[in-house]
Amino acid sequence: MTASEFAHSIPPGFVLLIGAGLVPLLRGRLRDAYLLMLPVVGLLHLVSLETGSYVQTSVLSLEIIVLRVDQIALIFGYIFYIATFVSVIYALHVKRAFEHVAALTYAGSAIGAVFAGDLITLFVFWELTAVTSVFLIFGRQTPRAYRAGMRYLVVQIGSGVLLLAGTILHYLDTNSVEFGHLGIVSPATTLIFIAFGVKCAFPLLHNWLQDAYPEATVTGTVFLSAFTTKLAVYALARGYAGTEMLVWIGATMTAFPIFYAVIENDLRRVLAYSLNNQLGFMVTGIGIGTEMALNGTISHAFSHILYKALLFMSMGAVLYRVGTIKGSELGGLYKSMPWTATFCIVGAASISAFPLFSGFISKALIITAAAENGYFITWLILLFASAGVFHHSGIKIPYFAFFAHDSGKRCEEAPRNMLVAMAIAAALCIGIGVYPHVLYSILPFPVDFQPYTPTHVLTQLQLLLFSALAFAVLIRTGVYPPELKSTNLDSDWLYRRLGPLAVGAVLRRVDHAAGLLKNGAKTQLKELVDGISRHHGPEGAMARTWPTGATALWVAILLGAFLVASFYV
Amino acid sequence: MIAAHYAALQVVAPLIAAPLCVLLRRGIPAWLVTVAISWIALAIAIQLLIQVLATGTISYELGGWAAPWGIEYRVDSVNAFVLLIVSGISAVTAPYAHKTVVKEIPEDRHYLFYAAYLLCLTGLLGIAITGDAFNVFVFLEISSLSSYVLISLGSERKALTAAYQYLVMGTIGATFFLIGVGLIYAMTGTLNMADIATRLDAVENTRTVLAAFAFITVGLGLKLALFPLHLWLPNAYAYAPSAVTVLLAATATKVAIYTMLRFVFTLFGSDFALDVTFLAEFLMALALVGVFAASITAIFQNNVKRMLAYSSVAQVGYMLLGVSFFSVTGLTGGIVHLFNHAMMKGALFMALGAVFYRLGSVHIDRMRGLGKQMPLTMFAFVLGGLSLIGLPLTVGFISKWYLILAALERGWWPIAGLILLSSLLAVAYIWRVVEAAYFRDPATHHPRATEAPPALLVPTWILVLANFYFGIDTSVTVGIADNAAKVLLGSGG
């Protein structure tokens, strides 16, 4: 086997998975260099792969394809490695080795999953992403983070179990575990669909995301934002492209998190909601399923990973320096952290899809595909959602953190490694926005789309400028209150005028009712556990040290039952 | 020349070494003999396995007496696999034993410990290798009597009661087994297993044979800790010396399960068991109840050794569940789980032994914050626990995979669901330990523990790594188990 053949037999994720093992042994600058080297080596390895090369083995009499290279896998591989590289730079100052190991193995698992050619391999990496990423949440080392991490783990493992169950059934149905187009055609593929949906944070399956991401470490959230959900988007795009249901699921996903994002005070949680909203665009694209829509989904995933990471990085830097990320306690930080503020605005412009920023050239593909394929209502929802994104991510995030009322907080600018990471991400955001054809050229399908036509640019600018105008008027007239000490922003009357709050209030009510139900269920559950504990606890009947006679009795009973059954039935 | 006598040497080597230990009267030489013999036994077992896979069943006539009259040792892929499990576990446990024995057992009894250990090994290997029904009983008693002694050497006073209870209960089981063998002898006039198998057909429908079948399965059910005949097991495992727990938990119940497989499938035949008796239904019901009842009980245990002991009862349930499908896939799952469970429980009990070595306790409250104090030991425990839960890439996953596949093959959906559900219970009890060790601060009034010595860590990690190796490369274990299942079901192999 030649060296290049050997290189081609290594699944890309293993570069990080195995490479992470050495991290605890290294210290200081050597470790920094090693950490930076890993994603670069991985990316070079990826570039050297040729499409179509497979690593096949047979395990448990199943055809396992550990490595399958095609255009859609490659593009996710590229962006995952780029995200790893940027996030690693951002996390360089972290001393504890286990956080680096967790982050690298997590990224490696996600990359491995993308190149999985069969459902079993996919499942293995699927679960690995869950098990490794939870340490990025535990790493915060607060009781809150611990509990959020446990909830996250339960959901993620649950998703894996569904995937496995679906896989087994699919194997029994079709005698194959290859991961190609599945479609919702049988109970098996439905289970797999739900498994993907959990990880993709479909509406009503989404709570783990907003619950866990804001509780993770400063650097951990940046990693988390890049991989888990985009892996799910990839899996959906591969398995369920053109599934009509996804159009509606996606449209719902774009719209409903906006209301939550508006009433949320924890700015990293706001970003988590807007992450959900962005996923909605991608899911819609998958549902439409045309070449253009899929191109849109994939390119949107590509640019989304960058600007979302950029936003999480800037908010992480604020949290790192100030110690809080509550919108009501921040403000005026542009004086202390001018660079962070600038990068944050670049991220905000990208997510809001300003022309010349990355979001514009990718989101346009999806929205145009929706319009061209006759999804008029979907198209309207997507436009509304675009305006919503601009409101909560484009304006709210930078405004409350860096401008608004001066909180009087003064701190240092973000650490140098964080600034470098943000600078790279920001440069990529702008680069993609200015030179869209670089990104278009690596998409799986040929792109026949010109983002910078007068119509596109004008429509988008109208949308954005009117949003901005509304915001500016509200600020000018003093309706937008400068101080927000309460954590419950939704109690603020202003938002009622804008409408969403009405929905917000309803949602709160529902939450409240759900809370009451939950408490009821809790008492019931406690009684159940107490009951079990009475029988199974250390002193319970099941665990007591029984007299010898009990066994003799059981032996007699079993023998008797067995003989009676055999003789007379 | 010597290769022809491997079958005999497998049993004779430890049998002769046991009195040698008594003659040595010193702990360390006796230990060295035990280690050497365990390794020799492993080498022989591997040789036998290779031979069986290459040339088929080996028959060895002990003392040159021809089969129906003399005692025959008969090795096929089923028991060659069991021999490999028993001797393999012993080969890692014996080096591990020294440190824990020094800590837990008074010095004047060390040589007796090793003598009993070797006798126990003799018994377990003998049960597996022999082709003679009465000989099984003899070896069963050798292994049982020596394990009563081994358990009673535990450092807590409760070890004595536990051993005594096990003695009484174990004797009931052995007696039942003997009654069954006696009834078969009465009906067929032979004790050679192969001979019995051919002669039983003629008298299959007599009540005597049915009674023999019932006595044997119930008697063995007790030895293999079939729920609810498991009452002896939790205390015996919990209070035995650390090394003994490893050896017994990883091998004793497996050998009993092997014996049941041998009697049910080879002697009586699966047709008889399926058509005439209700063994499949009984086993499946008891196995499922056992899996859940024992797992739930394990969740509430505060003595971690006892927790894992209950988990063993549950795991026996999985093996029997596989058997109760009476299909190649199910049996493959059951048999491969014999091996896989030995790997995972061996690793877990070894890690606990290392904890006991440093703390003198395995109470869950004492293990708080241990993740920082004994990182390697606790990480081994976590990995072993993941295997127990059935995470992919570990052996636990392979077992569950085959069990679920076997359930679905028969179209028994609910059972596949129950298998998955029961895995969650394992998550719960393993998590209790992980939470205590990694997320709780140690109680301040206890001295800080230091990492376990390499003599304990190396064997532990060998088993932990085996959990992953055999979880990824399943060609050896699943290959043999599949072959064994086909041999048992009489469909070639």
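Here are some worked exercises on the two chains above.

Before you start: this is a predicted model, where local features need pLDDT of at least 70, side-chain atom pairs count only at pLDDT 80 or more, and totals for chains, interfaces and linings use all residues. Residues are numbered from 1 along each chain as its sequence is written, while chains are lettered from A and ligands numbered from 1 in the order in which they are written.

**Exercise 1. Find out how chain A is built and whether its radius of gyration agrees with that of a compact globule.**

Step 1: Count the elements. Chain A has 22 helices and two strands; these are DSSP runs (helices H or I, at least four residues; strands E, at least two), numbered from the N terminus.

Step 2: Get the dimensions. The C-alpha trace spans about 90 × 60 × 55 Å along the principal axes of chain A.

Step 3: Apply the globule rule, which is 2.2 Å times the number of residues to the power 0.38, with the radius of gyration taken over C-alpha atoms. For 569 residues a compact globule would come out near 25 Å, and chain A has 26 Å, so the two agree.

Step 4: Look at burial. In chain A, 53% of the 569 residues are buried, meaning that 20 or more other C-beta atoms lie within 10 Å of a residue's own, with C-beta atoms placed from the backbone (12 or fewer is exposed, in between is partly exposed).

**Exercise 2. Which residues of helix 7 of chain B are buried, and where do they sit around the axis?**

Step 1: In helix 7 (residues 193-200) of chain B, the buried residues are B:Met193, B:Asp195, B:Ile196 and B:Leu200.

Step 2: They cover an arc of only 155 degrees (taken from the directions from the helix axis to the C-beta atoms), which puts them on the same side of the helix.

Step 3: Their packing partners in chain B include strand 2 (72-75), helix 5 (133-152) and helix 10 (242-268).

**Exercise 3. Describe the side of chain A that touches chain B.**

Step 1: Here 31 residues of chain A are in contact with 39 residues of chain B; contact means C-beta atoms, placed from the backbone, within 7 Å.

Step 2: The largest share of this side of chain A, 13 residues, comes from helix 22 of chain A.

Step 3: By class, this side of chain A has 23 nonpolar, seven polar and one charged residues. Nonpolar covers Ala, Val, Leu, Ile, Met, Phe, Trp, Tyr, Cys and Pro; charged covers Asp, Glu, Lys and Arg; the others, Gly among them, are polar.

Key. Two residues are in contact if their C-beta atoms, placed from the backbone, lie within 7 Å.
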